[in-house]
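The following note sets out, point by point, what may be read from the model shown below. Please keep the structure in view while working through the points.

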Amino acid sequence: MMLEIDCAGERLALLAEKAVFWPRERAMIIADLHLGKPAAFRRAGVAVPEGTTLGDLERLDKILRETDSRRLIVLGDFFHARAGLQPEMLDTVAAWREQNAALEIILIPGNHDRKSGSPPALWRVLETEECWSRPPFLFCHEPHAEPESYMLSGHLHPAIVLREAYGGGVRAPCFCFGKRSAILPAFGSFTGMSNLQPQRGDRIFAISRVDNEVMELTVPSR
């Protein structure tokens, strides 16, 4: 399921798979895959589930195919850590890349990428500098205080607490669209979340994992 919004004079589609599709550019935008994170944990002796890398790539395949995307923009943290760059994980991603040979991939390096290193050259991933501009948007990993154009970023793994009638609540990943910038949820399935503190004027879009839909929330005025 997706929800279309207007942003900086462009039409964007927010996907329940924790991604943004830019129709005019036929570009899929995601943040924070953290590929290899489970492998890094297992190498450190922590028992974690296997198969998350393949699952994330299959989920990415699905939305690329459904939207007929021609470009993939990754807002940082493609990899999690150098310790996670194990042969099985690298082979899985290499096979996925071969199956998506026509896809242009642009990576804005994140803090984890700078420590783990660049993707293999055979994957044909174009790494940019700190940010990459494609008007009217500026694509970054970490949010900047004063972006020169409308900024799309990741890094924070935003989530919002959905309150229930009986007083309980559940955390849900969310998109946050402010006046000058937006923050995307982490695409990777083996990532944490950080509670978001919305500011006045922010538009918050929560992802319901039960209904697999994106829904806009009412943000109380402060």
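1. Strands E1 and E2 pair in the antiparallel sense, with six bridges between them. Within this pairing, Ile5 has Leu12 of E2 as its bridge partner. The two strands form a hairpin with two residues between them, and Ala8, in the turn, has a positive phi of about 55 degrees. It should be kept in mind throughout that the model is predicted.

2. E2 also pairs with E3: the two run antiparallel and are joined by three bridges. Here Leu15 stands opposite Ala19 in E3. The hairpin of E2 and E3 has three residues between the strands, and Lys18 in this hairpin takes a positive phi near 70 degrees.

3. Is E2 enclosed by the rest of the structure or open? Five of its six residues are buried, so E2 is largely enclosed by the rest of the structure.

4. These strands belong to an open sheet of seven strands, whose order is E1-E2-E3-E4-E5-E6-E7 and whose pairing is mixed. The edge strands, E1 (residues 2-7) and E7 (residues 125-127), each pair on one side only. On average, neighbouring strands of the sheet are turned by 25 degrees against each other, if direction is ignored.

5. A parallel pairing is found between E4 (residues 27-30) and E5 (residues 71-74), which share four bridges. In this pairing Ile29 stands opposite Ile73 in E5. Helix H2, comprising residues 52-67, lies across E1, E2, E3, E4 and E5. The helix runs at about 150 degrees to E4.

6. In soluble globular proteins, nonpolar side chains tend to be buried together. In this model the largest nonpolar core has 26 residues. Which of them touch the most other members? They are Ile29, Leu75, Phe139, Leu152, Phe175 and Phe177. Several strands each supply at least two residues of this core, including E1, E2, E3 and E4, as well as E9 (137-140), E10 (150-153), E12 (169-177) and E15 (203-208).

7. When its neighbours within four places in sequence are left aside, Leu152 is in contact with Ile29, Leu75, Phe137, Leu138, Phe139, Cys140, Phe177 and Ala182.

8. Cys140 is buried, with a relative accessible area of 0%.

Note on methods:
Residues numbered from 1 in each chain as written. Predicted model: local features only at pLDDT ≥ 70, side-chain atom pairs only at ≥ 80, totals over all residues. Heavy atoms only, no water. Pairing = 2+ DSSP bridges. Axes fitted to C-alpha atoms, helices over the stretch in contact; angles between N-to-C directions. Contact = heavy atoms within 4.5 Å. Core = buried A, V, L, I, M, F, W, Y, C linked by side-chain atoms within 4.5 Å. Buried < 20%, exposed > 50% of the residue type's maximum accessible area, 1.4 Å probe, protein only.
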